[in-house]
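Hi everyone, thanks for making time for this. Have a look at the sequence and the structure on the screen, and then I'll walk you through it.

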Amino acid sequence: MNDKSGHAHSELPEVALRVRALETILVDKGYVDPAALDAIVETYEIKIGPRNGARVVAKAWTDARFRERLLTNATSAIGELGFGGRQGEHMVAVENTPKQHNLIVCTLCSCYPWPVLGLPPVWYKSPAYRSRAVLDPRGVLAEFGLTLAADTEIRVWDSTAELRYLVVPMRPEKTDGFSEEQLAALVTRDSMIGVGLALSPQFGGEKS
Ligand code: FE
């Protein structure tokens, strides 16, 4: 876009421009290899996503001993499935029950469990979500279309650089005999952040 003075203006938001400027300097000075940066971005954008977390949840639903290990030491239990590393070094799994629903936020910035959920959705990073999840969790859930029983307590967990959380949603009804794979298909990203529930079988996974 050109303004009246004829200067070219980028459409990129300021943060993106600053990131690009930093990357240029780092590459010019030889501090980072652009191919290595691309590989990291591609890994988390394409290869690692919420299907990892869905597998963790499905295993917890079907394997009581794994569930126990997950709730005791999530980092190591998640590691059993081969998931771990960057932004997932210290994981805590919190389990939904009829009495307690768990909701994850990072009030300070956008800390998120990358190895199991990939990169955070845009709304997760928004100031509105970050403040309102704490002040009015029930209202936030309603905006996501989720209304919980009045006597279900909502517990909000504030992620930090040190601790990342994964919600284990409740296993949907009428899923007896489902395989881990069929169950994993019912586990949405939002259900593992706590702004949704796992899908009912008629809407999600294909039981054959
Ligand atoms: Fe953060």
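Predicted model: local features only at pLDDT ≥ 70, side-chain atom pairs only at ≥ 80, totals over all residues.

The protein chain has 208 residues, and 37% of them count as buried. Along its principal axes, the C-alpha trace spans about 65 × 35 × 35 Å. You'll find 10 helices and four strands in the chain. If you read from the N terminus, the order is α-α-α-α-α-β-β-α-α-α-β-β-α-α. Now think about contacts between residues at least 6 apart in sequence: 65% of these join residues at least 24 apart.

Next, the inside. In soluble globular proteins, nonpolar side chains tend to be buried together. Here, the largest nonpolar core has 46 residues. Val 56, Leu 70, Ile 78, Ile 104, Tyr 129 and Leu 166 have the most contacts inside it. Which helix gives the largest share of this core? That is helix H3, residues 50-62, with six residues.

Let's stay with Leu 70 for a moment. Leaving out residues up to four places away in sequence, Leu 70 touches Val 56, Ala 60, Ala 77, Ile 78, Ala 93 and Val 168.

Two of those partners, Val 56 and Ala 60, are in H3, and Leu 70 is in H4, so let's see how these helices meet. The axes of H3 and H4, which covers residues 64-72, come within 5 Å and cross at roughly 125 degrees. The two helices are therefore oblique to each other, and H3 passes H4 in a left-handed crossing. On the H3 side of the contact we have Val 56, Lys 59, Ala 60 and Thr 62, while H4 brings Ala 64, Phe 66, Arg 67 and Leu 70. Sorted by type, the residues of this contact are five nonpolar, one polar and two charged.

Last stop: the backbone. Most residues other than glycine have a negative phi. What is phi for Gln 87? It is near 65 degrees, a positive value, and Gln 87 is not a glycine. Gln 87 lies in the loop between helix H5 (74-80) and strand S1 (91-95). With a relative accessible area of 25%, Gln 87 is partly exposed.

Lys 174 also has a positive phi, about 60 degrees. Look for Lys 174 in the loop between strand S4 (164-168) and helix H9 (180-184). Is Lys 174 buried or exposed? Exposed, because its relative accessibility is 75%, and the cut-off for exposed is over 50%.

Definitions and conventions. Residues numbered from 1 in each chain as written. Heavy atoms only, no water. Core = buried A, V, L, I, M, F, W, Y, C linked by side-chain atoms within 4.5 Å. Buried < 20%, exposed > 50% of the residue type's maximum accessible area, 1.4 Å probe, protein only. Contact = heavy atoms within 4.5 Å. Axes fitted to C-alpha atoms, helices over the stretch in contact; angles between N-to-C directions. Parallel < 35°, antiparallel > 145°, perpendicular 65-115°, else oblique. Left-handed = near helix turned anticlockwise from the far one by under 90°. Nonpolar A, V, L, I, M, F, W, Y, C, P; charged D, E, K, R; others polar.
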